[in-house]
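Student: Could we go through this structure together, with each term set against its definition?

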Amino acid sequence: MSSPLVIFDLDGTLIDTAPDLIDSLNHTIAPVGLAPMTLDDLHHLVGQGARVMIKRAFELRNVPLDEADADTLFNNFVEHYRHNMPGQSQPFAGTVECLQRLAAADMTLAICTNKSEALAIPLIETLGLSDHFAAITGGDTFPVRKPDAAHIFGTIERAGGSRDRAVMIGDSINDILAAQNAGIPSIGVDFGYSDVPIASLSPSTVISHFDALTDDLVRDLLVASKVVS
Ligand SMILES: O=C(O)COP(=O)(O)O
Ligand SMILES: [Mg+2]
């Protein structure tokens, strides 16, 4: 039997990236005259990667954006974000200890993010966290992304895990829906960037700190999901 696989979302779950996302977004939209976005705004913009984040920023300000301009702005965002990496981004409290604890309990770890691969992989690398993960998949790794179950299934396959021994942990509707679509248990964190209370999305459980993410909790969720299904 393969070891349990714990799949983490990135933005707003493993890493507090909000200051840098806002910084790069504002750098990107300032030249076209859009007023700066705040942390509050970000909660409505983030979740489907940078391209969608930029589009949603224009929608929020009721300003039209054509596809060609969207491409240019996306490229500008990526360049600024990559160049400033890791910026102020850092793991949430207790993250590293949690990764070490789960690994010591013979669990495999992976990241399934809607951030593009070209941003997610170097960010995890510059933060010195790459060695913890058997796989890192982004919003553009497969033809579909969260909340599509195939993003989770692809991540499980790359990490060498199995579908009936995997748990997803995340901060947003995309994570919880993706887990539900994939038929695996989910852990919602309430310290991320969701624009609705995470509990309202009906994850299997909610945690408020990584200290609560123990190997016992993962095993309990896996057992409970078999009893229910
Ligand atoms: O960058 C985004 O928009 C979402 O990224 P996440 O899936 O890691 O939360
Ligand atoms: Mg997230």
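Tutor: The centres of domain 1 and domain 2, taken over C-alpha atoms, are separated by 25 Å; the bounds, from an automatic or database domain assignment, are 5-16 + 89-228 for domain 1 and 18-84 for domain 2. This is a predicted model, where local features need pLDDT of at least 70 and side-chain atom pairs pLDDT 80 or more, while totals for chains, interfaces and linings use all residues. Residues are numbered from 1 along each chain as its sequence is written, chains are lettered from A and ligands numbered from 1 in written order, and side-chain values use heavy atoms, without hydrogens and water.

Student: How many residues of domain 1 are in contact with domain 2?

Tutor: Contact means heavy atoms within 4.5 Å, and 17 residues of domain 1 are in contact with 15 residues of domain 2.

Student: Why is ligand 1 said to lie between the domains?

Tutor: Both domain 1 and domain 2 give residues to the shell around ligand 1, so ligand 1 lies between them. Near means a heavy atom within 4 Å, and the residues around ligand 1 include Asp9, Gly47 and Lys146.
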